[in-house]
Amino acid sequence: MAKQPDDWFDDNADNIDKDEIIWVSKSEIKRDAEALKKLGAELVELSKHELERIPLNDELLAAVELAQKIKREGRRRQLQFIGKLLRAQDPQPIYDALDKLKNRHNQQIAILHKLEALRNQLLENGDNAIEDVIRLFPLADRQQLRTLIRNCKKEREANKPAKAYRQLFQYLKTLSESA
């Protein structure tokens, strides 16, 4: 019996290991493409300064900058194009850089919450808390802290706007940035 031209595939199929063949469903391909499109949308929402920290090739960077200028339907189509460009490269470095940006943001928020707690501690405990602040921030001015605390308490008693309260927070924030 003579072999037909398509029989060559059947003979070679026996030689290929079953583990080497990876079948990807159409749904999985669509999910991956949608995830890359969402990644592109995240990139478009970043500021120019944040985009500089993301490892993008020139074509992808130009596409993202263009998408930032476009509105409505054109933007949707540009996001699809960005997703297509992302499929052509490894997106992991981009994901890693975005995670670093988000984590930095979360760290800044945590620092601000700690400073708010420190401000409240200063208002409740007075001189004892001032000693803690001076240990944390050696550049802190004891007299300025006392003045700001006294002004905050006066504002509270008089039901005035919290101007000194904000000034105390800004002073603590300046101290933490210089430390």
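Mentor: Let's start with the pocket: helix H3 (48-52) and helix H6 (92-125) each supply at least two residues of the lining of the largest pocket. Helices here are DSSP runs of H or I with at least four residues, numbered from the N terminus. This is a predicted model, where local features need pLDDT of at least 70 and side-chain atom pairs count only at pLDDT 80 or more, while totals for chains, interfaces and linings use all residues. Residues are numbered from 1 along each chain as its sequence is written, and side-chain values use heavy atoms, with hydrogens and water left out.

Trainee: Which helix gives the most to that lining?
Mentor: H6, with 6 residues. Among the lining residues are Leu-98, Leu-101, Arg-104 and His-105.

Trainee: And how do the lining residues divide into nonpolar, polar and charged?
Mentor: There are 3 nonpolar, 3 polar and 5 charged.

Trainee: Switching topic, is Arg-75 buried or exposed?
Mentor: Arg-75 counts as buried because its relative accessibility is 19%, and buried means under 20% relative accessible area with a 1.4 Å probe, protein chains only. Arg-75 belongs to helix H5 (residues 72-87).

Trainee: What is Arg-75 in contact with, leaving aside neighbours within four places in sequence?
Mentor: Val-44, Glu-45, Ala-67, Gln-68 and Ile-70, where contact means heavy atoms within 4.5 Å.

Trainee: Last one: where does the charged end of Arg-119 sit?
Mentor: Over the ring of Tyr-165, 3.7 Å from its centre. For Arg, the rule asks for CZ within 6 Å of the ring centre and within 35 degrees of the ring normal.

Methods
On a 1 Å grid over the protein atoms alone, a cavity is a set of points where a 1.4 Å probe fits but cannot get out, and a pocket is an open set with protein on both sides within 12 Å along at least five of seven lines; lining residues have an atom within 4 Å of a point. Ala, Val, Leu, Ile, Met, Phe, Trp, Tyr, Cys and Pro count as nonpolar, Asp, Glu, Lys and Arg as charged, and the others, Gly among them, as polar. Buried means under 20% relative accessible area, exposed over 50%, partly exposed in between (1.4 Å probe, protein chains only).
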